[in-house]
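Here are a few notes to read with the structure open beside you. Take them one at a time and find each residue as you go.

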Amino acid sequence: MLSGLTISLTGMYAQSFTWISSTEGNVWKEAEVKLQTKSNQTPVLKADTNESIQTFKKWGTCFNELGWDALNMLSIDDQKVVLNNIFAPDGELKFSMGRIPMNANDYARNWYSCDEVPGDFKLNYFNIDRDKQTLIPYVKRALKVNPNMTFWISPWSPPSWMKVNHYYSVKSKAGVNQLSAQAEIALYEGIENVDKKFYPKQVAENDYFIQDPRYLQSYADYFCKFVSAYQKEKIPVNRVMFQNEPWAYSIYPACAWTPEGIIRFNVEYLAPTLKKQLPEIELYLGTLNTNRIELVDKILSDPRMKDAVEGIGFQWWGGQILPEIRKKYPNYKYMQTESECGSGTFDWKAAEHTFNLINHYLGGGCEEYTFWNAILCDEGTSGWGWKQNALVRVDSNTSSVIYTPEYYAVKHFSNRVVSGTKILQYKEKGEDKLPVMVLLTPDNKFLVVAGNFNDTPRQLTIQIRNKYLDVTLQGHSFNTFSMK
């Protein structure tokens with residue numbers, strides 16, 4: 001029985017649920033609870049129909065070089081346990097999708113691209129030699145655990161010679177990169193358009209990718225070469241996105257784009273080149289990281305976009321406009337492309353934030369969800385000095401494994417929300433700090449995932465058909481109710 005959990009036993013109904021609850025220091029504890037024939041509480045959600053918001057497909061994570069390095073700090077036996085917990089079909093998290101960075105990202109060891117030879121428009125010097133030493137072995141270890149995994153790719157920065165500043169980052173920072181501060185003039189041109197309600201506060205005036213047809217076409221070809229090279233390694237890439245966070249003007253690998261440049265590259269170059277060379281590959285518009293809805297709407301309102309891209313990927317601030325965009329453009333597929341990374345705290349508060357993000361994106365209609373780093377060591381510090389969280393933390397001094405609070409926040413969803421699960425109803429965190437979701441599994445069994453982010457226990461009542469799930473949730477807890 002769960003310590004401190006109150007289960008109402010009056011008016012029992014025969015249908016029982018397995019109740020799994022986690023609090024800090026006391027995770028994944030199981031008990032049994034039964035539906036009630038009546039309740040004195042007002043239900044926060046009513047699941048009285050099979051009509052769904054979305055049918056969920058896949059959970060996944062990004063494969064990064066520093067994650068590979070952290071994994072290799074462990075013994076072979078510990079590596080196998082960690083990989084099975086994350087990727088095995090019968091494991092704890094059941095991840096079946098991977099994101100692969102094309103060229104370096106901020107969790108690479110340092111900057112590199114697959115072709116740093118200026119003017120190599122025919123890509124004669126293109127290669128994935130670096131990937132063969134790091135990312136590809138990492139991916140293949142996951143594939144060994146789950147051969148049915150699929151993968152998608154996106155760049156953080158094009159090769160430096162394809163950009164107007166001839167450098168991998170957009171902004172400069174002494175001691176972190178070698179970009180001159182004067183080079184930032186291309187970003188805003190000195191124009192003030194700051195609005196602190198939105199991200200970014202100031203919008204780029206120029207595309208950082210050179211808008212010359214030779215560069216645009218060569219870059220489209222570059223995507224095809226990268227996908228083909230990975231396919232030769234027997235890694236099933238089935239989707240691409242043109243840019244990680246086109247509105248992130250950062251000191252690590254990045255590339256600023258304008259709506260006009262995004263439309264031009266995707267519609268006139270990337271989409272037709274993929275259709276010609278790799279027609280089986282899906283093109284999604286992503287990863288979109290701005291809450292400036294007018295920018296995203298400007299892109300999607302171009303009538304050519306609907307024939308160019310099949311879906312849309314949101315992350316970070318982009319998630320704020322997901323409901324509005326999905327309502328206006330219902331015919332696209334939607335996915336979450338990067339769960340927010342925290343700041344290396346690895347604490348319960350960060351886990352609650354992740355739990356709430358999952359609830360928001362799935363309730364907002366995303367059929368796939370991608371986490372950032374699954375594995376990092378120590379304080380989770382990137383090659384550019386940013387400390388971030390991960391689901392699994394490796395202590396480099398003791399070569400030991402720590403399953404972080406966020407690991408359990410994720411497990412409360414992914415362990416039971418399998419492919420084909422219908423998302424029926426959800427409620428945002430709100431002022432009561434009680435995010436909750438009602439789902440229906442492929443075998444037609446109800447599933448409830450709920451959190452209590454308050455300091456004290458809170459009552460939760462869910463109506464399921466004409467019965468009631470009536471429970472008291474511990475303070476700062478994650479809860480999963482799985483119908484038996």
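1. One term before we start: a residue counts as buried when its relative accessible area is under 20%, and as exposed when that area is over 50%. Keep in mind that this is a predicted model. With that cut-off, Phe 371 is buried, because its relative accessible area is 2%. Phe 95 counts as buried too, at 0% relative accessibility.

2. Now for the rings. How many aromatic pairs does a search of the whole structure find? The count is 43. Take Phe 95 and Phe 371 as an example: their ring centres are 5.4 Å apart and their planes sit at 5°, so this pair is stacked. Phe 95 is in the loop between helix H2 (76-87) and strand E7 (97-102), while Phe 371 belongs to strand E13 (residues 368-373), so the pair ties together parts that lie 276 residues apart in sequence.

3. Compare that with Tyr 188 and Tyr 249. Here the ring centres are 6.1 Å apart and the planes are at 75°, so the pair is edge-to-face. These two also link distant parts of the chain, 61 residues apart: Tyr 188 is in helix H5 (residues 185-188), and Tyr 249 is in the loop between strand E9 (237-241) and helix H7 (259-277). Are they buried or exposed? Both Tyr 188 and Tyr 249 are buried.

4. Back to Phe 95 and Phe 371 for a moment. They belong to a cluster linked by ring pairs, whose members include Phe 56, Trp 59, Phe 63, Trp 68 and Tyr 138.

5. Arg 239 has its charged end over the ring of Tyr 284, 4.1 Å from the ring's centre. Over the face of Trp 28 you'll find Lys 411, at 4.2 Å from the ring centre.

6. Zoom in on E14 and strand E15 (residues 392-395), which pair in the parallel sense over 3 bridges. Which residue in E15 is the bridge partner of Cys 377? That's Val 394.

Technical notes. Residues numbered from 1 in each chain as written. Predicted model: local features only at pLDDT ≥ 70, side-chain atom pairs only at ≥ 80, totals over all residues. Heavy atoms only, no water. Phe/Tyr/Trp six-rings, centres within 6.5 Å; stacked < 30°, edge-to-face > 60°. Helix = DSSP H or I, 4+ residues; strand = E, 2+ residues; numbered from the N terminus. Buried < 20%, exposed > 50% of the residue type's maximum accessible area, 1.4 Å probe, protein only. Lys NZ or Arg CZ within 6 Å of the ring centre and 35° of its normal. Pairing = 2+ DSSP bridges.
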